[in-house]
Amino acid sequence: MAVGIGLLGEVTAQVGGRAVDLGPAKQRCVLAALAVDVNQVVPAERLVERVWGVDPPRRAQATLSSYISRLRQALAHSPSTTTSSTLIHRSGGYALLVERTAVDLHRFHHLRTRATASTGDDPGVEQLLTTALGLWRGEALTGVDSAWATAERDRMHQERFGAELDLIDCRLRRGQGEQLVAELSRLAVEHPLDERVAGQYVLALYRGRRAADALEHYQRFRTRLVSELGTDPGTQLRDLHQRILNSDPSLLTPPTHQPPTHTPPTADKAVTPRQLPAPPTSFVGRHDELTRLDTALEGATRTARTMVISAIAGSGGMGKTWLALHWAHRYADRFPDGQLFVDLRGFSPDREPMNPAVAVRGFLDALGVEPGRVPVAPHAQAALFRSLIADKRMLLVLDNAVDTAQVVPLLPGTDSCLVLVTSRNQLSGLISAHGAAHLMLDVLPDAEARALLSARLGRARVAAEQRAVDELIGLCGGLPLALSVIAARASMRSDVPLSALAAELRDLGLQALDEDPAAGISTVLSWSHRALTRPQATAFALLGIAPGADTGLHAAADLIGLSTAATRAVLRELEQASLVARDVRGRYRMHDLVRRYAADAARRDLPEADRDAALRRVVDHYVQTAHTGHRLLDPHGTPVQVDPPVPGCHPVPLAGDPAAMEWFQAEHACLLAAQHAAAAIGWWPPVWRLALVLTSFHVRRGHLNDNLRLWQEALTAADHAADHATRVLVHRNLGWAYAKLTRHDEAMEHLDRAIALAEESGDSFLLAHTHIALAWAWELDDEWQRALEQTLKALDVLRTMDGGYSREAVALNMAGWYTAKLEAYDRAREYCEQALALHRRHGDRNGIAATLDSLAYIEHRTGRPAEALAMYQEALGIFRDLEHTYGAVESLEGMGYPLSVLGRPEEARAAWQEAVDMYRAQQRPHLAARVEAQLVELERRLQETT
């Protein structure tokens, strides 16, 4: 009686051809976890983690036993038959004993392995791969929901994609081409930066007697590769392009054993991310740990490329980051495609650990992804990140992770990269599920502690006072952070004997030999803190409560209440004392243990009024500077009213749009933290004002989730506002933020509330703005009549007001667009021409482009294709100049229609294909599908005419 288990679709089992009830999702997950490692014992604790994650319920082991028992019964055969599958318990774990090919996943692997080994037999290879891919029944592991299943599902789909490309290579070797164009067109859209797919598509187009299209796709692919990744195509794809230019006849009749078109991606990027912070100075010791990392690098297998450096649970200051950075810089040349670094803030004293989605977004920025091409959904951003670094030789340093769940979304999907993770916790999930090499970091032995002091203080001074050095080492308990602080203190007092410093430290009663050696760091810091001057001590304490992981000089000056020159001097002194570090960007940060001590010192030593005033100065610094930046990014938008700067606040002067973008990018995390800090002290106006002045930057850079979070925080502030205007503004913008993320019900809830509040207030301006926001929300749902009704209500109000030309012009264009969608073209043209005149009069280029796009649509729909094309081209030029990718793609799509009518199909195809690529990159697949349908129709018409 045969047993069959399916994983390449919904997780199922059949016994003797009859389906077996596998029970609830968690029980299915148990079977899947055993079937993936069929005929191998899977430890019970690993099964628990695969099913429930790293934080399982209290009775997980008992529940697991129950699931195993039920599965054993479900898979049991009748007594008269020979058992062909068995669930056994052995050596603290469980195993599913069954013929490997009874599991479709292993049958898929078996067939693909045979295909790889069958060189020279392309008909046989094609049959094997076709059979292997035929085993798939949709998304793998459907019906199973766990972090392990998600990671396995991604891995399986990567294998499926590889097999699909292997099959296409085989068919190309057999002379096919035109038959593959449709399939490769889909793959080229789904994987726009994959060089292997691009080469296959170019060759297939050429084989289909479409040389012009093949050359066009090559140029489009090359342009995109240079624009987004800063690199040219690899040698083989460039050679293929040259052979097409030379009309090489062998491309049409390939030899029987032509090699596959795939070439590994090149690593000759003109610009690569180099995010590693500077290596630690005077790094000594850790020879055994470095050797283990070296060994892991040299012997890394395809299933174990991730390393973890973790410290004793709960202990900080052990030197994990120093070790990771020292080793990473030593081998940086092994990773020519770049190095990425992020501090995940797993154990920050005053902030939540970093959301992995934030880290992924930072990596996308570092990799040069245009903001308009960044997907909205966090999972789509993670998928794009994995696609960009697939098969690249990159080093990732994920510092200060709190747990496995924070790390997993940041792991590459292929094994060409190497990842270093530091954490105070032992990340067992990475070890069990991802084959990570584990390295426990302990305190420094006495010899290495002595070497550290010698490197910082000089061999002669250490040798001259060996007894005092021994005592200092003993008091520090081998903790590198404590030793560094002591060394900094000693180097600043070179005229004081080390014995005096040891006596001074000893008199504080340091209990450095406790079970947790990090427990003594507070006393070491208190010793160093006592030696600070009053201005230094005040600056140190205030930096401990500053919003954000790091602080720029100007913000630090306002926080501390000194001039920038005086602030620079005091920060330099704190840096010399190893209490503050400055990174390569010139920003100041503290080790989290030092920051915790500094925050305690602020609460202990500074009056509450002084702390409150300092926070207000730095928060207002961010509000005022962001307000200036917002006006530069959106000069025609509604002015934002802010109060005059608080005493002691000196905003950063920003010279123009590029300077504003650079400042927002550098201070983004601090701006988010500043809003939280303002809410924590009950200072409500900056909470909603920061949300407002950050909106332009968030929209331009695609930070839509951050935008939503800020407006959600602003809602609390609105509850404390006495005026209707603030509450209307917050509900309106919160509704719009939800609408941009396609969360329609929540959007309408807040927009309806904003309408009600605006009507209660009697403020016509507020009401008009809210009608416009509601129209935009209805537009996203293609509710054109409702959108028009809201726009006309806004327009009626705006026409009676002075100085509202910008909003009136926007509303006129909106009314024209919605009226055109309702096919009342003459009236629509009137609205848009009025809007265009207003926009041109006031020099609003974005408004001009948007209105030209609307008028072009109207001209095309009323039989004037030449006029429509000219307007689309003008709009597209402006949008591209403004780097407004969302507007540009809509104009590209529109251009295809008049080009097709005017008998210019090649140009129409190019415009539509670029629009498809951009829609896919923006994660708008329904719009991409709409344009793809036009491409298919264009090809059909061309074939009919020939």
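This is a predicted model: local features need pLDDT of at least 70, side-chain atom pairs count only at pLDDT 80 or more; totals for chains, interfaces and linings use all residues.
**Notebook: strands, helices and buried residues**

Residues are numbered from 1 along each chain as its sequence is written, and side-chain values use heavy atoms, with hydrogens and water left out.

**Entry 1: the hairpins**

I looked up how strand 1 (residues 3-6) meets strand 2: they run antiparallel and are joined by four bridges. Two strands pair if DSSP finds at least two bridges between them. Gly 6 stands opposite Thr 12 in strand 2.

Next I followed the chain into strand 3 (residues 18-19), which runs antiparallel to strand 2 and is joined to it by two bridges. Val 15 has Arg 18 of strand 3 as its bridge partner. These two strands form a hairpin as well, with two residues between them, and Gly 16 in the turn has a positive phi of about 60 degrees.

I then turned to an open sheet of three strands, with the order 4-6-5 and antiparallel pairing. Strand 4 (42-43) and strand 5 (85-90) are at the edges with a single partner strand each, so one side of each has no neighbour in the sheet. Strand 5 pairs with strand 6 (residues 93-98) in the antiparallel sense over six bridges. In this pair, Ile 88 stands opposite Ala 95 in strand 6.

Helix 3 (residues 60-75) packs on the sheet, touching strand 5 and strand 6, and its direction makes about 155 degrees with that of strand 5. Contact means heavy atoms within 4.5 Å. The axes are lines fitted to C-alpha atoms, for helices over the stretch in contact, with angles from 0 to 180 degrees between N-to-C directions.

Helix 39 (residues 885-901) has 17 residues, of which 13 are buried, and I read a span of 25 Å from its first C-alpha to its last, close to the 24 Å expected at 1.5 Å a residue. That expected span is 1.5 Å times one less than the number of residues. Just after helix 39, Gly 903 takes a positive phi of about 75 degrees.

In helix 40 (residues 905-921) I picked out Gln 913. Is Gln 913 buried or exposed? Gln 913 counts as buried, because its relative accessibility is 9%. Leaving out residues up to four places away in sequence, Gln 913 touches Val 189, Arg 220 and Leu 935.

**Entry 2: the whole chain**

I counted 41 helices and 13 strands in the chain. Of its 946 residues, 53% count as buried. How many disulfides does the structure hold? I found zero disulfides, taking a disulfide as a pair of cysteine sulfur atoms within 2.5 Å. Cys 29 is buried at 0% relative accessibility, and Cys 649 is buried at 7%.

Methods: Buried means under 20% relative accessible area, exposed over 50%, partly exposed in between (1.4 Å probe, protein chains only).
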